[in-house]
Amino acid sequence: MLQRDGIAKLSARAIAAELDVRMNTVMWHIRTKERLLGLMAESIMGEVDLGNPHGGRREQVAELLRRLRQAMLGHRDGALLVAGTFPVEPNTLAFSERVVTILFEGCPRTSAAFHDRARESVDARRFPGLHSVLEDYLSIDYGERFDFGIDQILSSAPTTKPRPHAGS
């Protein structure tokens, strides 16, 4: 139905008519249209080959994104479907994990001594919120990470002088 009619005409009623079943039957299986769209997006994400992109971090992530684009282009309204959802499902999470893992390779990390001091100081009863995210907080040296981010932004900035607009 998605291929034939597009996402705009996709509804539980249309699916029920297509399958020649009652709408309640469709709703029992999909629960909500949001869930249906999420499962459809998850299916598209499952088509993305996550294996062995070549090159450095940028090239690898760019290759994964090209593979995602190809998977989305393989379906009518595929990009709209994937961009409009974020299912917490295995294929979507695997893609996200792969991209994040590649991006974090070579990023600055904090020292073991700092980790130990922070773990001793952040008591779960006194600082429950901070304690719940402590491992994430400790995973990156934010000063170095900030500098790393600046370097990434500046290294991707154009190196040629911008052309003046007509009439300037």
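**Close-up 1. The buried residues of helix H2 pack against helix H3 (23–30) and helix H4 (33–45).** Welcome to this predicted model; we start at H2, which spans residues 12–19. Which residues of H2 are buried? They are Ala12, Ile15 and Ala16. These three lie on the same side of H2, because they cover an arc of only 100° around the axis. Turn to the other side of H2 and you will find Arg13 and Ala17, both exposed. Just after the helix, have a look at Asp20, whose phi is positive, at about 60°.

**Close-up 2. The largest nonpolar core counts 25 residues.** Which of its residues touch the most other members? Met40, Leu81 and Phe95 do. At least two residues of this core come from each of H2, H3, H4, helix H5 (57–73), helix H6 (78–83) and helix H7 (90–104). H4 gives the most, with six residues. As a general reminder, nonpolar side chains in soluble globular proteins tend to be buried together.

**Close-up 3. Leu81 and the residues it touches.** Leaving aside residues up to four places away in sequence, Leu81 is in contact with Leu2, Ile7, Leu37, Met40, Ala41 and Ile44. One of these partners, Met40, is named together with Leu81 among the residues that touch the most other members of the largest nonpolar core.

Close-up 4. The side chain of Glu63 forms a salt bridge with Arg66 (3.4 Å, N to O) and another with Arg67 (3.1 Å, N to O). How far apart in helix H5 are Glu63 and Arg66? They are three residues apart, so about one helical turn separates them. Glu63 and Arg67, also both in H5, are four residues apart, again about one turn of the helix.

Close-up 5. The structure holds eight salt bridges. Those that share partners join Asp49, Glu63, Arg66 and Arg67 into one network.

Technical notes:
Residues are numbered from 1 along each chain as its sequence is written. This is a predicted model: local features need pLDDT of at least 70, side-chain atom pairs count only at pLDDT 80 or more; totals for chains, interfaces and linings use all residues. Side-chain values use heavy atoms; hydrogens and water are left out. Buried means under 20% relative accessible area, exposed over 50%, partly exposed in between (1.4 Å probe, protein chains only). The arc is that of the directions from the helix axis to the C-beta atoms. Contact means heavy atoms within 4.5 Å. A nonpolar core is a set of buried Ala, Val, Leu, Ile, Met, Phe, Trp, Tyr and Cys residues joined through side-chain atoms within 4.5 Å. A salt bridge is a side-chain nitrogen of Lys or Arg within 4 Å of a carboxyl oxygen of Asp or Glu.
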